[in-house]
Amino acid sequence: MRTATKYIHAGVHPDPATGAIMTPIYQTSTFVQDSPGKHKGYEYARTHNPTRSQLQNALAAAENGQYGISFGSGLAATDTLMKLFKPGDEILSTNDLYGGTYRLMRKVWEDYGLKFRFVDMSDVAGISRHLTSATKMIWLETPTNPLIRIIDIRACAAIAKPAGILLAVDNTFASPYLQNPLDLGADIVMHSATKYIGGHSDVVHGCVITNNKQIADQLYFLQNACGAVPGPQDCFLLLRGLKTLHVRMQRHCENGEKVAHFLRRHPRVAKVHWCGFEDHPNHRIAKEQMRGFGGMMSFELKDNTVEAAIKVLSSTQIFACAESLGGVESLIGHPASMTHASIPREERIANGLVDSLIRLSVGIEDVNDLIEDLKQAIG
Ligand code: P1T
């Protein structure tokens with residue numbers, strides 16, 4: 001099946017009871033059994049739910065994977081992944097990543113004995129230097145949040161595989177439409193499906209997809225044993241969102257390109273981070289591993305102050321000042337005080353996340369309105 005057909009049909013089938021073409025919302029906590037253990041495949045809704053099962057199949061298909069495991073949020077998905085490890089195990093992570101993931105690693109899992117190192121993985125050659133005999137997983141985002149760095153997934157897999165280290169990719173910024181990490185050698189792909197997969201800013205959800213049966217079995221076990229599961233209505237919204245992912249992503253890419261070029265020409269803008277520019281440091285890798293450059297970007301102001309950034313964020317009329325990304329509507333955010341506030345300032349600055357950095361999630365509105373809005377807001 002080709003991409004567009006896959007998003008609409010793969011992994012889902014009409015409801016066996018009624019023929020409903022859209023997967024019904026099985027809003028039930030339990031399933032009646034004929035006698036103990038004699039049932040139709042469903043016992044209790046934390047363990048299995050038919051709406052969730054179809055979503056998991058559809059998400060797995062979207063990432064060319066065999067197993068999909070859904071969670072109540074992206075962070076719940078990442079949190080469950082961390083439970084695959086034992087105290088003393090090390091995880092090597094990229095140093096530019098969602099602030100909530102950083103917080104989960106540093107403020108939660110370090111207390112349980114996991115060790116994390118945060119390094120710049122856009123320089124792949126440097127990665128091996130940070131591996132130790134205790135390293136069990138490489139964790140990366142690409143494009144990274146919020147500096148849109150690109151990490152070479154294939155090259156990371158070539159380092160991880162021979163060393164027996166798992167490679168996990170948070171594919172939230174690209175979406176399955178632009179990039180499929182499992183095809184590039186990753187063992188695990190994770191999404192905050194809250195973003196492009198849902199696409200309408202109306203649901204919080206996370207998922208993990210893998211081709212490794214052993215990992216999948218462990219994650220299904222943890223999904224039930226720890227219970228960070230999504231509700232059936234959320235699963236329904238995700239199933240619906242996925243069906244239009246390709247159409248939305250095409251427009252996100254078109255609009256993103258025009259907005260990025262507009263920003264680059266603006267006299268008050270010092271630097272634009274968008275992986276579609278030919279002089280982006282990792283553009284060649286982006287071109288190789290992605291099918292487009294997406295609608296996520298960030299930019300720095302010449303007046304590199306929090307105040308200057310806040311002034312822009314307070315002045316937009318169409319871009320809504322909000323956390324999150326990937327919805328049909330355009331959002332504008334200030335990572336230093338919003339999504340990445342949990343990262344200490346010195347660490348942020350050292351990694352290149354400056355005070356005036358503004359992040360855009362370019363939506364699918366008329367791009368001329370978006371550009372006019374930014375023009376009046378930046379001044
Ligand atoms: O919000 P949640 O569904 O729990 O997903 C967390 C998450 C994981 N990975 C990436 C790359 C993310 O961007 C996020 C969430 N990010 C935001 C809310 C944000 O505005 O960046």
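Helix 2 is mostly covered, with twelve of its 13 residues buried. The model is predicted. The buried set comprises Pro50, Thr51, Arg52, Ser53, Gln54, Leu55, Gln56, Ala58, Leu59, Ala60, Ala61 and Ala62.

The length of helix 2 was checked against its residue count. Helix 2 runs over residues 50-62. At 1.5 Å a residue, its 13 residues should span 18 Å. The end C-alpha atoms lie 18 Å apart, so the two values agree.

Both ends of helix 2 have a local feature. At the start, a side-chain oxygen of Asn49 comes to within 2.8 Å of the backbone nitrogen of Thr51. Thr51 is itself among the buried residues of the helix. After the helix comes Asn64, with a positive phi near 55°.

Cysteine pairing was examined next. A disulfide requires two cysteine sulfur atoms within 2.5 Å. By this rule, the count is zero disulfides. Cys226 takes part in none, and the nearest cysteine sulfur, in Cys207, is 18 Å away. Cys226 has 42% relative accessibility and therefore counts as partly exposed. For Cys275, the closest cysteine sulfur belongs to Cys253. The separation is 8.9 Å, which is too far for a bond. Cys275 counts as buried because its relative accessibility is 0%.

Definitions and conventions:
Residues are numbered from 1 along each chain as its sequence is written. This is a predicted model: local features need pLDDT of at least 70, side-chain atom pairs count only at pLDDT 80 or more; totals for chains, interfaces and linings use all residues. Side-chain values use heavy atoms; hydrogens and water are left out. Helices (H or I, at least four residues) and strands (E, at least two) are DSSP runs, numbered from the N terminus. The expected span of a helix is 1.5 Å times one less than its number of residues. Buried means under 20% relative accessible area, exposed over 50%, partly exposed in between (1.4 Å probe, protein chains only). A polar contact is a pair of N or O atoms within 3.5 Å; within protein, one must be able to donate a hydrogen and the other to accept it, and residues adjacent in sequence count only if both atoms are side-chain atoms.
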